[in-house]
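Dear colleague,

I am passing on the structure below, and my notes on it follow. Please read them alongside the coordinates.

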Amino acid sequence: METKNFFHSVTLDREKCHGCINCVKRCPTEAIRVRGGKAIIITERCIDCGECIRICPHHAKQAIFDPISIMDEYEYKIALPAPSLYGQFNNLDDVDLILGALKLMGFDDVFEVAKAAELVSDATRKYMLRPDIPRPVISSACPAVLRLIRVRFPELLENVLPLHPPIEVAARLAKRKAAQKTGLPYEKIGAIFISPCPAKVTAVKMPLGTEKSWVDGVLAIRDVYPRLISLMRHVPASQELSEAGRLGVGWGGSGGEAAAVLKERYLAADGIENVIRVLEDLEDEKFYDLDFVELNACSGGCVGGVLNVENPYVARAKLERVRKYRPVSCNRLPDEDIMPYAWESPVEYEPVLELDADLKVAMEKMKQMREIEGRLYGMDCGSCGAPSCKAMAEDIVRGFSTEESCIFKLREEIQTMADGLSRISSVLPKASQENK
Amino acid sequence: MANDTIKLELEVPGDDFTRAGEASSTVKGMLKKLGFSPNVVRKVAIAMYEGEINMVIHGGGGQITVEISPESGVSMSLVDHGPGIPNIELAMQEGWSTAPDSVRNLGFGAGMGLPNMKKYSDEMEILSEVGVGTTVNMKVHLA
C-alpha cells in the first residue's frame, strides 16, 4: 500500500509489539495490519484516535508529544491548559491553583483553552444564525472526528463547523497578547499546549483548516501532572488568574461544547464507535430537527483522552466540581465578525478507502474481493494480520496479502496434501504386487 | 455491458426494526469503497433506507436486488409480499401515512417514506397489487 507523507502522533515501539491482533481489531478505520510479527500502521488511514494505544496490552502503541524541555526553546512561554486538565486533581475547586502551579513550573503566562472555547462557542452561535448553512452543524473540535469524516463521510463535510478549534484560537490570541506585552517577535514566544490526547499533536503538526498551526509545542497532561501536584501547595493565595466560565470549562467533557451553543436541539455522542453510528445515521438523514451535533472520539469527551491521568468518569465529576464555582461565561466576541475564527482553507475529502480511482477497475477489484471472501471461512480470526476476512480479501486485491496467509486455507491445503500422500502410500507399485 | 455490473441480493427481515437499514448500510459501504461520488452514495443510501423501512413497517419484509453499474449507476428493486398499496397517488403525498401508532411511537411513519424515495432517486416506479405485494424499482444515475 502506498504511504503518503503523513505525520502521526501514534507510533509503534517494535520491541514491545508481540504481533497480537488487539489493535488490528480495534482500529475504527482498519488502518493496522500485522506483518512479519509486528503491527504496522497504514498511515493515510490513521485518524490518530488513540484506540490502539488504549487497547495494547504491551504498551507498544505510543503517542509522540514534546518533552517538557521544549519550554527552554522560547524566551517567553505561555501554557495553554486544556479544560480536561482541571478534572485531574482531587478536592480541587479553584482553577487558579492549577494556573498558578503552571507559572511556578516556568511558564511566563497562562492562557486557558477554556477561555478560547467560550469565544469559539460565541462564534458558533453567530455562525448558526446564518440561514443558508447545511444543518445540523457538526462540531469540528475533535481532531480525530474531523479526520474520520474526511476519510469516511465526505458527504457530511459541508455540515462541519468551519471554525478553528479552541486550542488554535488560544494559541493565536496568547501569542498576539504576548507580542504586544513584550515586544518580542512571534518566533521567540512559545505557545505550549497541555494536551489530553495524541490527535491534538497531529492537529498541531498537520493542521486542517489552516496552513500552519500557531501552537509551538504539545505536552502530555500525564507528564505535567506530577509537577503540578508538587507545585500547587506553593501557589501564593489570592491570585486571580482564571478567565474562563462554566461554558468554557465544560468543553472538557462530552456535551459541553453542544450545551454552550445554547440550542435545545442538539446531540452529543462520545466514544469512536458511537460517533461512527451517529455519522452513518446523519448520512442517511435519519435525524430530523437537529441543530447541532457534538462528536468526541474518546468516551466521556476530552477527559477520556489517553494522555490523561484520571479515569474519565471520575475526571468528569471533578470537572463539575471546578465548574460549580465559576461564572457562567466570561468571554464574548468583541463584534459580529467571526472571520478571525474561520478556517482559512477548506477541509477536503481524502478518498483513501477507495479500491481504485478508476470506477471500472474498482468494480473489477470488488468482484474479485467478493469471490475471495466467498472462499474464506468468515471466522474473522485475525491470524492473517487483517481485522476481518473481508479486510483480508480487500488486502489481497490491493496486492497486500495472499490467500495462503489464511491459516484455515493453509490447513485445507495440508489436508489435501495429506490425503494425497495417504492415497499414494496405499497404492503399491506394480513391481511389488503379487501375481495371482 | 451486463458483465460490468455487480449484483447483490439482500434479505429484509419483516419483524425486526433493529435490523432495518442493514441492507442499505451494506450497499452504502460498497459504493464508498468503489469510489462512487459522495452525492450518488448519499442518494442511494437515503432512498434505499426509506424503502427498507417501508418493507419492514408495511410489507412484512422481502428482498432487495441491487445492480451496480459503472456506466448507468445504481438500480434497486425492492420486493415485498405485503398488503399492497390501494392508492399510490395518495401514498406519494407528503405526510400521508397508514403506519400504526406502534410504529409512529418509534419515530417512524411520518409519511415521508415514498416522497423521499422519489426525491432521492432519479427514476422510480411502483408496481403494487392489493393482497399480493409491492415492488418499487428505483434508479440513481451517475453524477
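The contact between the two chains draws on 24 residues from chain A and 27 residues from chain B, where contact means heavy atoms within 4.5 Å. This is a predicted model, in which local features need pLDDT of at least 70 and side-chain atom pairs count only at pLDDT 80 or more, while totals for chains, interfaces and linings use all residues. Residues are numbered from 1 along each chain as its sequence is written, chains are lettered from A and ligands numbered from 1 in the order in which they are written, and side-chain values use heavy atoms, with hydrogens and water left out.

Between chain A and chain B an area of about 2300 Å² is buried, 56% of it from carbon and sulfur atoms; buried area here is the accessible area (1.4 Å probe) that two parts lose on being put together, summed over both. Of the area that chain A buries against chain B, Glu155(A), Leu359(A) and Met363(A) supply 26%, more than any other three residues.

Eight salt bridges are counted between chain A and chain B, the criterion being a side-chain nitrogen of Lys or Arg within 4 Å of a carboxyl oxygen of Asp or Glu. Glu155(A) forms a salt bridge with Arg42(B), with the closest N and O atoms 3.8 Å apart.

On the side of chain A that touches chain B, the elements giving two or more residues are helix H11 (272–283) and helix H13 (359–375) of chain A, and H13(A) gives the most, with eight residues. Helices (H or I, at least four residues) and strands (E, at least two) are DSSP runs, numbered from the N terminus.

Lys365(A) lies in helix H13 of chain A, and its side chain makes a polar contact of 3.0 Å with that of Asp356(A). Leaving aside residues up to four places away in sequence, Lys365(A) touches Leu355(A), Asp356(A) and Val397(A).

Elsewhere in chain A, three strands form an open parallel sheet in the order S7-S11-S10, two strands being paired if DSSP finds at least two bridges between them. S10(A) pairs with strand S11 (residues 292–296) of chain A over five bridges.

Best regards

Technical notes:
Polar contact = N/O pair within 3.5 Å; in protein donor to acceptor, adjacent residues only side chain to side chain.
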